[in-house]
Structures are given as structure tokens and as C-alpha cells.
Amino acid sequence: MPERRVFVAGFDGYLGWPLSQHLLKRGHVVAGVDAFLRREQVAGLGACSAVPVASPQERKSALREHFQQTPDLRTGNMLDFPFLRAFLKDFQPDTVVHLAEIPSAAWSMIDQAHCSFTQHNNVIGTLNLLWAMHEVCPDAHLVKLGTMGEYGTPAMPIPEGFFEPEFRGRRDRLPFPRQAGSFYHWSKVHDSNNTMFAWILWGLRATYIMQGVVYGTEIEHQSDDPRLKTRLDFDQCFGTVVNRFCCQAVIGHPLTIYGQGGQKRGFLPLRDVMQCLTLVIDSPPNAGDYCVVNQFDACYTINEIALLVRQACSEEGLTVDIMEVENPRMESGRHEYQPDREQLLALGYQPAGSPLQEIRMMLADLLPQRERIEARAELLLPDIRWDGAHRRSGVLGREAAG
Ligand SMILES: NC(=O)c1ccc[n+]([C@@H]2O[C@H](COP(=O)([O-])OP(=O)(O)OC[C@H]3O[C@@H](n4cnc5c(N)ncnc54)[C@H](O)[C@@H]3O)[C@@H](O)[C@H]2O)c1
């Protein structure tokens, strides 16, 4: 594969940190930006990553020691247009991976301030990037991270971005409707629209990734150096469901299912995110083309995820109870879910392993971190509600293991 110049916006995040390493390992030239918001926001909740996270300085030294090159990683904000434009002009990327957004539904639903902060950060940050690319690197390929959550849960199959409906005898190829379920998810829909418009307007070459829920602690050939490990959050805002369940399991806390657990979503391990993004980076669309890709391995209900975590734990001799709690979110508890994912398979995506294997690897990484999680166990029950009330979810029922 040719060496590429890849700009990673959000290099310090859950996905951005392992992706930067993965790209360096593949011989690409990497630069990136991060404002360290994720670190601040997790700390602001009184939470921490279950896997200890090295400081930005320690992370940079680790890269210098482990890789042939010292990537140009700068502290800066996507909202600072002159900074972003100058950095891109300086680096002249041929690929820009945009991960630099606030990724939490619950955080965006705390109150007006968190909602508008999320939308302002995500929507304006993306607009700045679109304009900066248009002005200083118009031929570069934008790989923009969106989410499967933009589609919501319609009662029909979900295509990859576009569909061809027939209405009053006429057909057209149109964007598939987005029906997001939080102000965060709506910020991503606004990004989708703005990115598509930049393609229509300027012929921006872009791949819009509708990503499923990510889980896992490891990437292929993960170094043992603790400074190179990525974060793994378990609080109600930044802990996605599999990660949160694994953290609950290792401290003997019941797995907290929101409602009846029939919500179905697409999931993929962190290792597969690296593989999928690499496939997309290595196969840019033709100049002037725009492509929407659904990125996930398989779909599971929350109940199925809980049973998988319980199974992996029982092999480790860990007993895991499952607890239904009031769902703080407004979402359908039982629904159809049939998204397509043809494009990544066509590019050669092969899931790295089974979810059980992945969960076993996570448990191995998390068991030594029990004390860190236990010290913040009160964060494991949600109190941010979609109806605006702030109260901890009550327990609806509990099923003991065995
Ligand atoms: N993790 C998942 O399960 C998941 C699922 C679907 C989609 N996504 C999307 O993938 C992307 C990355 O997610 P993640 O889990 O790595 O999130 P993350 O919060 O760990 O990473 C985002 C990084 O971007 C930085 N950032 C945010 N706003 C910034 C700004 N204005 N300027 C500079 N830096 C900024 C943050 O500090 C953080 O380091 C996000 O766009 C998210 O919406 C994630």
C-alpha cells in the first residue's frame, strides 16, 4: 500500500490513540490534533478510565520510542479555524480521519449547556474541517466518523446511506431518513448533511462511516507498554454498553440492563475498527465521490450482550447477576433492526474474532483494574434521564447467575 499522509483529528481518544499507532505501524506519516476534552469530561463526572491513561507527554514519548517517526501531534481545538486551516496547510494530508467530536448521548442530554456544547463542538468543528479542507487540501479524502445511531430504529431494513423510494409513480435516490435518539446523535445527523452538501458543492471526496457501538481494549499487536494502551470508560456517559458490562462484571456488580433489554444495535470490536478504517483509507473514493458505509460486525440485543459477558465470566470463575433498571432513555425496547453492511465486506473486512474472544481479552485487561472501578462503583447506575429529571434509575428486577 502506498505511504499516506494521514491527519487524525481526535488522536487522544478511545479510537484515535490506537488508530494513530496502527497507522504509524503501517508506515504512514501521521499528524493530528486534540483538545483533550474527553479527559476533562470524564474527570468532570468524577469518573476515570478503567485502564490507566498516560499523560499526553508520556504518550508522545512512547510513540517516539516505539516507532520510526515522531508524528506531529498538536494540542488545539477544531473550533479554532485559523489554527486548523494553518495546520492542514502545513501538513498537506492526503487523508483526514475526523474523530474529534464529543461522542456521548447521555452527556448531551444532561441539560441545555451540555446539549448546546455538544452540538456546537461537533457541528462547528466539522464545518471548520470541511472549509479548511476545501481551502487548503481539496483533493484529500475525508473519513468522517458518524454513528449507526443516526438512523434510529425504523421498521424497515437500513441501507448504507441512500435508498431508492418510489412515490406517486416516481423513483429517486435519496438519503435514507435519519431518526436520531439524542441531541448528540442529532449533531451527527447535522454533520452528515453538511458533509454531503460539501460533496455536492465542492466535490469533496468523502467516506461517511456509520459506526456501530465499539468495545474492547486491544488492537492487533498491542504493545505491552502501558503508555500505549487506550482508555476504557465505564461511567453512564462515556462507557458504551459492552465496556460498561465488563467493568461491572469484574467487580461483581450486576450488569445493568436499561429496561427490558430488547434494544438491538450493531457492534464491533476495537480491533475491527482499525481494520475497517484501514480498508477505507486504503481505498479512497474517486475524486468527487461520496460514499456512506455502515461499519459493524454483527447486531445483538442488550440482553444477548449481557448473556455473552456472563458466559465469558463464568469461564473465568466469575459469577455475574443481571439487573433490569428503569431505562433513563427514550427509545424503543423492542423493534426490528436489519442494517446492511455490504461495502466493508466488499473491501475485504473479515471480523478478527468472535465477541466472546474479545470479551475474554477485555476481562484479562480489566481484572487487574478492579480497585479503580470499585472506587467509582456509584457511577454504575444512571441518573441522566431523557425526560430531563435527574434521579437514579430504580431497579426493576434481578436475575441471579446459574
Ligand atoms: N466509541 C464508540 O463506540 C463510537 C461509536 C460510534 C461512533 N463513534 C464516533 O467515533 C468518533 C471517536 O469516538 P471515541 O469513542 O474515540 O471518542 P473520544 O471522546 O474518545 O475521542 C474523541 C477525541 O476528540 C477530541 N475532541 C473532541 N472535540 C474536539 C475539538 N473540538 N477539538 C479537538 N479535539 C476534540 C477529544 O478530546 C477526544 O480525545 C466520534 O466521532 C464518535 O462519535 C464512536
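Is Phe36 buried or exposed? At 13% relative accessibility, Phe36 counts as buried. Buried means under 20% relative accessible area, exposed means over 50%, and partly exposed lies in between, with a 1.4 Å probe and protein chains only. The model is predicted, so local features need pLDDT of at least 70 and side-chain atom pairs count only at pLDDT 80 or more, while totals for chains, interfaces and linings use all residues. Residues are numbered from 1 along each chain as its sequence is written, and side-chain values use heavy atoms, with hydrogens and water left out.

Phe36 sits in the loop between β2 (29-34) and α2. Helices (H or I, at least four residues) and strands (E, at least two) are DSSP runs, numbered from the N terminus. The phi of Phe36 is positive, about 60°, although Phe36 is not a glycine. His221 lies in the loop between β11 and α8 (241-250). At 68% relative accessibility, His221 counts as exposed.

The ligand is surrounded by 28 residues. A residue is near a molecule if one of its heavy atoms lies within 4 Å of it. The closest residues are Tyr14, Asp34, Asn121, Tyr184 and Lys188. By class, the shell divides into 13 nonpolar, ten polar and five charged residues. Here Ala, Val, Leu, Ile, Met, Phe, Trp, Tyr, Cys and Pro count as nonpolar, Asp, Glu, Lys and Arg as charged, and the others, Gly among them, as polar.

A polar side-chain atom of Asp34 lies 2.7 Å from an oxygen atom of the ligand. An N or O atom in the side chain of Tyr184 is 2.6 Å from a ligand oxygen atom. The backbone takes part too: a polar backbone atom of Ala100 is 3.4 Å from a nitrogen atom of the ligand. On its own, the ligand has 820 Å² of accessible area, and the protein covers 97% of it. Accessible areas come from the Shrake-Rupley method with a 1.4 Å probe; for residues, only the protein chains shown count as cover. Two or more residues of the shell come from each of α2 (37-44), β5 (141-147), α7 (183-202) and β11 (213-215). Strand β5 gives the most, with three residues.

Val213 belongs to strand β11. With a relative accessible area of 23%, Val213 is partly exposed. Val213 and Gly149 are 64 residues apart in sequence, and their C-alpha atoms are 9.0 Å apart in space.

Val30 is found in strand β2. At 1% relative accessibility, Val30 counts as buried. Val30 and Ala306 are 276 residues apart in sequence and 38 Å apart in space, C-alpha to C-alpha.

Gln295 is found in strand β14 (residues 290-295). Its relative accessible area is 0%, so Gln295 is buried. The side chain of Gln295 makes a polar contact with the side chain of Gln211, at 2.9 Å. A polar contact is a pair of N or O atoms within 3.5 Å; within protein, one must be able to donate a hydrogen and the other to accept it, and residues adjacent in sequence count only if both atoms are side-chain atoms. Asp289 lies in the loop between α9 (270-282) and β14. Asp289 counts as partly exposed, at 36% relative accessibility.

Helix α12 covers residues 355-366. At 1.5 Å a residue, its twelve residues should span 16 Å, and the end C-alpha atoms are 16 Å apart, which agrees. The expected span is 1.5 Å times one less than the number of residues. Pro355, Leu356, Glu358, Ile359, Met362, Leu363, Asp365 and Leu366 are buried in α12.

The structure holds zero disulfides. A disulfide is a pair of cysteine sulfur atoms within 2.5 Å. The sulfur of Cys276 is 13 Å from the closest cysteine sulfur, in Cys291, and this is too far for a bond. Cys276 is buried, with a relative accessible area of 0%. Cys313 is in no disulfide either; the nearest cysteine sulfur, that of Cys246, is 6.6 Å away. Cys313 counts as buried, at 0% relative accessibility.
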